[in-house]
Amino acid sequence: MINWKIIFKILGSLLFIETALLLSSVAVSLFYHEFDSLAFIVSSLITLFFAFFFRSLGNEAENSMSRRDAYLVVTLSWTIFSIFGSLPFMITGAIPHFTDAFFETISGFTTTGATIIDDVESLPHGLLFWRSMTHWIGGLGIVFFTIALLPSLVGGSVKIFSAEATGPIQSKLHPRLSTSSKWIWSVYLILTIACVLSFKLCGMGLFDSINYSMAIAATGGFSTHNSSILYFHSSTIEYLSIFFCFVSGVNFTLLYMAVAKLRFKALFRNAEFIFYCSIILGFTAFIMFELIYRNGYELEKAFRSSLFQVVSFITTTGLFSDDAGKWPHVTWVVLAMCMFFGSCSGSTSGGLKCVRGVLILKIISNQFKQILHPNAVLPLKIDGTNIEIRKRVTLLAFLAVYLILAVIAAFVMIAAGVDNTNAITIALSCMSNVGPTLGIEIGPTMSWSILPDFAKWICSALMLVGRLEIFTVLVILTPGFWKKT
């Protein structure tokens, strides 16, 4: 039985927070004396009205929830946040159609970074800031952010965290989840501020520094310039972007333990972190060779361009410093693999997650041993933790559903007239929350505006499914979810 009162109570509380976030964009608009301030005020009032409405429906709600309630409230939270977050785009007329506005907003909150805006530089500062803010709030999770602010909101906050967190293996947390969320948000905030200060010291303007830092910390990809990081023509800014993207792709709990607790050895003994670094180094070396041999790049430029794109794609950030659409097509395969894997669990990035890659390799290794020794009992351990059979089955189910959804989405795109390469990479980009795509019609430096409306809705759904780790959303669509038990 669904506890609708507690769900409405949580949705109302979340909309109060979204109202405050919209008002922060009002301040930016007023500071720059631009026309979009009224649109944000109207959007804030509409959001505030529905916040009170949902809270009234949730009056006298019991302060506890089931796992079923948690899955439903997380999915609804991300959807409703995106609906109200699209209001400023429509009211200003920057994106007049709801389909496009919703696509842009859910792309922001899921940190995908795919855009339908052809000329972002024409947008006022308030809307640019709002786009970056959607990234930053969605980076660690909308409901997770609320738990940090309002720890007593619900009694089932651990269930909500499980429904929204990324990765198959949850790191050990403080007994009080609100304390853990504050630790992780502290790491996130410090990382963002450090990125802002670094960019500012390199000559980037304050507004750009803040926006790019929010996009990088959230591994999002929205930028304030059409040419992304390439706009600055600065190798220093590119290397800084690489560093902060890389760090944002590391498990935040592991980062906290390594830095705050001075356990740096734990970082380099972590199987997922080693796998993450190995992929980056291997893929960068391959692309660097291709750029030198086939495109005539100089050594330093080849290294910087290849490392930037590999880190940007594997962390699912999606910023660019070069046009990968002009690179040899074999490099597209490597970048598509980066999209597929993603970086570490417990980070702000999307994708399959490197820990699942480690699990798959260990399962394959065990299978070869099992063929030679049929009666052997082979444990599967990662960092000393034995992975039980149930989680191994879940992993294979996750991988199967991930690939099935990607294939179906690619098929629909091809049927809609999108070229094969674009169709496949659009599906991967949405499922992994990357942003750029590879192909002829829509290159890595282009917007997605040419897609038909129905394709944009499919992409929006894939972004949400990918961000919430597939099963959180899909379980709601099963008949058993709605049966009374």
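Which backbone oxygen does the side chain of Thr425 reach? The model is a predicted one, in which local features need pLDDT of at least 70 and side-chain atom pairs count only at pLDDT 80 or more, while totals for chains, interfaces and linings use all residues. Residues are numbered from 1 along each chain as its sequence is written, and side-chain values use heavy atoms, with hydrogens and water left out.

The side chain of Thr425 reaches the backbone oxygen of Leu438, at 2.8 Å, where a polar contact is a pair of N or O atoms within 3.5 Å, of which, within protein, one must be able to donate a hydrogen and the other to accept it, residues adjacent in sequence counting only if both atoms are side-chain atoms. Thr425 belongs to helix H19, residues 420-431, helices (H or I, at least four residues) being DSSP runs numbered from the N terminus. With a relative accessible area of 5%, Thr425 is buried; buried means under 20% relative accessible area, exposed over 50%, and partly exposed in between, with a 1.4 Å probe and protein chains only. Once neighbours within four places in sequence are set aside, Thr425 is in contact with Met339, Thr437 and Leu438, contact meaning heavy atoms within 4.5 Å.

Asp419 sits in the loop between helix H18 (389-415) and H19, and at a relative accessible area of 16% Asp419 is buried. A polar atom of the side chain of Asp419 lies 3.2 Å from the backbone nitrogen of Thr421, and, not counting residues up to four places away in sequence, Asp419 touches Gly439, Ile440 and Glu441. Between Asp419 and Met431 there are 12 residues in sequence and 18 Å in space, C-alpha to C-alpha.

Two packed helices are described by the angle between their axes and the distance between the axes. For H19 and H20 the axes come within 7 Å and cross at roughly 45°, which makes H19 oblique to H20; axes are lines fitted to C-alpha atoms, for helices over the stretch in contact, with angles from 0 to 180 degrees between N-to-C directions, and angles under 35 degrees count as roughly parallel, over 145 as roughly antiparallel, 65 to 115 as roughly perpendicular and the rest as oblique. Ile426, Cys430 and Met431 in H19 meet Cys459, Leu462, Met463 and Gly466 in H20, and the residues of this contact divide into 6 nonpolar, 1 polar and no charged. In this classification Ala, Val, Leu, Ile, Met, Phe, Trp, Tyr, Cys and Pro count as nonpolar, Asp, Glu, Lys and Arg as charged, and the others, Gly among them, as polar.

H20 itself (residues 453-467) has 15 residues and reaches 21 Å from its first C-alpha to its last, close to the 21 Å expected at 1.5 Å a residue. The buried residues of H20 include Cys459, Leu462, Met463 and Gly466. H20 is followed by Glu469, whose phi is positive, near 60°, and Ile470, in the loop between H20 and helix H21 (471-474), has a positive phi near 65°. Ile470 is buried, at a relative accessible area of 1%.

Elsewhere, the axes of helix H5 (residues 98-109) and helix H6 (residues 125-140) come within 6 Å and cross at roughly 45°, and H5 and H6 are therefore oblique to each other. Glu104, Ser107, Gly108 and Phe109 in H5 meet Trp130, Arg131, Thr134, His135 and Gly138 in H6, a contact with 2 nonpolar, 5 polar and 2 charged residues.

Key: Helix = DSSP H or I, 4+ residues; strand = E, 2+ residues; numbered from the N terminus. Expected span 1.5 Å × (residues − 1).
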